[in-house]
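Please keep the structure open while reading.

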Amino acid sequence: MSIAIYIIVMAAVTYVIRMIPFTFFNKKIKSRFIRSFLKYIPYAVLSAMTIPAIFYSTGDIITAAVGTIVAVALAFFNCPLIVVALAASLAAYITNLIL
Amino acid sequence: MNSRFIKGISHGIPICLGYLSVSFGFGITAAASGLSTIEASIISASNLTSAGQAAGVDVIKTGGTILEMILVQLIINIRYSLMGLSLSQKLDRKFTTPHRLLASYGITDEIFAVCSAQKQPLTPAYMYGIILISMLGWVTGTFLGASAGQLLPPSISSALGIVLYGMFIAIVVPPSRKNKSILFVTIVAALLSILFKYVITAITSGFAVIICAIGAAAIGALLFPIDDEEVEE
């Protein structure tokens with residue numbers, strides 16, 4: 001089968017999944033439960049995607065753990081996103097050099 | 001130029017950097033699966049998603065049916081529906097239907113995370129800025145990965161693997177510190193995720209994220225429903 005067809009199907013399905021709720025939900029949701037649920041969803045998604053995957057993100061659990069600790073500490077003190085992200089990476093890199 | 005657009009670009013720079021390294025890996029995988037550099041780059045430009053693309057390339061490589069491709073994309077990417085629904089609640093009035101049709105292309109985990117952390121309503125210009133810079137990083141990384149193979153030494157590319165997660169932490173920790181209910185939801189989601197990783201291993205990772213997120217957010221919504229004033233912020 002042509003690769004182009006696969007690519008078109010992939011892209012179309014992914015787009016429609018994103019587009020339908022984003023485009024056609026323009027009323028404010030009244031239900032207190034659903035509004036609370038939608039407020040919590042981003043934090044729940046990010047947390048579930050980060051833990052425990054972050055500990056495998058550098059290929060070495062020790063360098064990843066050091067990077068994680070640095071990220072949590074800097075985030076705790078409200079450092080900007082880019083600072084937290086790159087400092088975590090730098091910490092993992094340096095730890096790898098030391099080990 | 002529109003200041004909201006510039007702000008979007010600046011908020012997208014960390015995403016762009018993270019995407020460069022992740023999509024570099026995708027480019028290498030796609031090339032190893034027999035796709036050309038152009039095909040891999042087109043997949044990245046048209047899909048803008050990591051897990052879905054990796055699974056899609058697998059379907060192509062194994063000569064799977066179109067139905068299989070549809071189901072795989074649906075299952076792995078269904079979380080974007082939840083994200084789109086969540087974002088739809090905080091759009092500025094400038095977000096008319098054509099803008100919604102266009103901007104929905106760019107709902108990714110990271111873009112969603114940064115957008116939902118914004119206090120003000122989202123404008124089209126802001127979202128276009130963040131989507132544009134992120135997409136450039138994603139496609140450029142794919143192109144480089146597929147065409148040039150390993151450009152970076154392994155010590156650097158492996159350390160870059162933590163960049164996106166570091167960004168997630170930077171988004172989740174500050175509100176968790178201020179708000180106990182968010183902290184609660186974050187911890188429940190993490191515990192469920194650990195459960196799926198080590199105990200209930202039959203569930204694929206895409207499904208696991210959906211179940212953990214729905215479960216934790218629903219428990220949070222039941223135990224700590226938000227007040228009406230909080231919605232107005």
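Domain 1 of chain B and domain 2 of chain B bury about 410 Å² between them, with 85% of that area on carbon and sulfur atoms. The model is a predicted one. Between chain A and chain B, the buried area is about 7,400 Å².

**Domains of chain B**

- Domain 1 of chain B covers 3-164, and domain 2 covers 179-233.
- The C-alpha centres of these two domains of chain B are 23 Å apart.
- Five residues of domain 1 of chain B touch five residues of domain 2 of chain B.
- On the domain 1 side of chain B, 67% of the area buried against domain 2 comes from B:Ile75, B:Arg79 and B:Leu82, more than from any other three residues.

**Chain A against chain B**

- Chain A puts 65 residues into the contact and chain B puts in 101 residues.
- Carbon and sulfur atoms give 73% of the area buried between chain A and chain B.
- The residues of chain A that lose the most area to chain B are A:Arg18, A:Phe22 and A:Tyr40, which together account for 12% of what that side buries.

**Helix α1 of chain A with helix α5 of chain B**

- The crossing of α1(A) and α5(B) is right-handed.
- From α1(A), the contact uses A:Ile17, A:Arg18, A:Pro21 and A:Phe22; from α5(B), it uses B:Tyr80, B:Ser81, B:Gly84, B:Leu85, B:Leu87 and B:Ser88.
- Sorted by class, the residues in the contact of α1(A) with α5(B) are six nonpolar, three polar and one charged.

**Helix α1 of chain A with helix α4 of chain B**

- α1(A) also packs with helix α4 of chain B (residues 66-77), at an angle of about 35 degrees and with the axes 9 Å apart.
- The crossing of α1(A) with α4(B) is right-handed.
- In α1(A), the residues that meet α4(B) are A:Ile5, A:Tyr6, A:Val9, A:Met10, A:Val13, A:Thr14 and A:Ile17.
- Their partners in α4(B) are B:Ile66, B:Met69, B:Ile70, B:Gln73, B:Leu74 and B:Asn77.
- The contact of α1(A) with α4(B) has 10 nonpolar, three polar and no charged residues.

**Helix α3 of chain A with helix α10 of chain B**

- Helix α3 of chain A (residues 61-76) packs with helix α10 of chain B (residues 163-178) at an angle of about 45 degrees, and their axes are 8 Å apart.
- That angle makes α3(A) oblique to α10(B).
- α3(A) and α10(B) cross in a right-handed way.
- A:Thr68, A:Ala71, A:Val72, A:Ala75 and A:Phe76 of α3(A) make the contact with B:Gly166, B:Ile169, B:Ala170, B:Val173, B:Pro174 and B:Arg177 of α10(B).
- Eight nonpolar, two polar and one charged residues make up the contact of α3(A) with α10(B).

**Loop residues of chain A**

- The peptide bond between A:Ile51 and A:Pro52 is cis, with omega about 0 degrees.
- A:Pro52 sits in the loop that links α2 (32-50) and α3 of chain A.
- A:Asn78 is not a glycine, yet has a positive phi of about 60 degrees.
- A:Asn78 belongs to the loop between α3 and α4 (81-98) of chain A.

Key
Residues numbered from 1 in each chain as written. Chains lettered and ligands numbered in written order. Predicted model: local features only at pLDDT ≥ 70, side-chain atom pairs only at ≥ 80, totals over all residues. Heavy atoms only, no water. Left-handed = near helix turned anticlockwise from the far one by under 90°. Helix = DSSP H or I, 4+ residues; strand = E, 2+ residues; numbered from the N terminus. Contact = heavy atoms within 4.5 Å. Nonpolar A, V, L, I, M, F, W, Y, C, P; charged D, E, K, R; others polar. Domains from an automatic or database assignment. Buried area = accessible area lost by both parts, 1.4 Å probe. Axes fitted to C-alpha atoms, helices over the stretch in contact; angles between N-to-C directions. Parallel < 35°, antiparallel > 145°, perpendicular 65-115°, else oblique.
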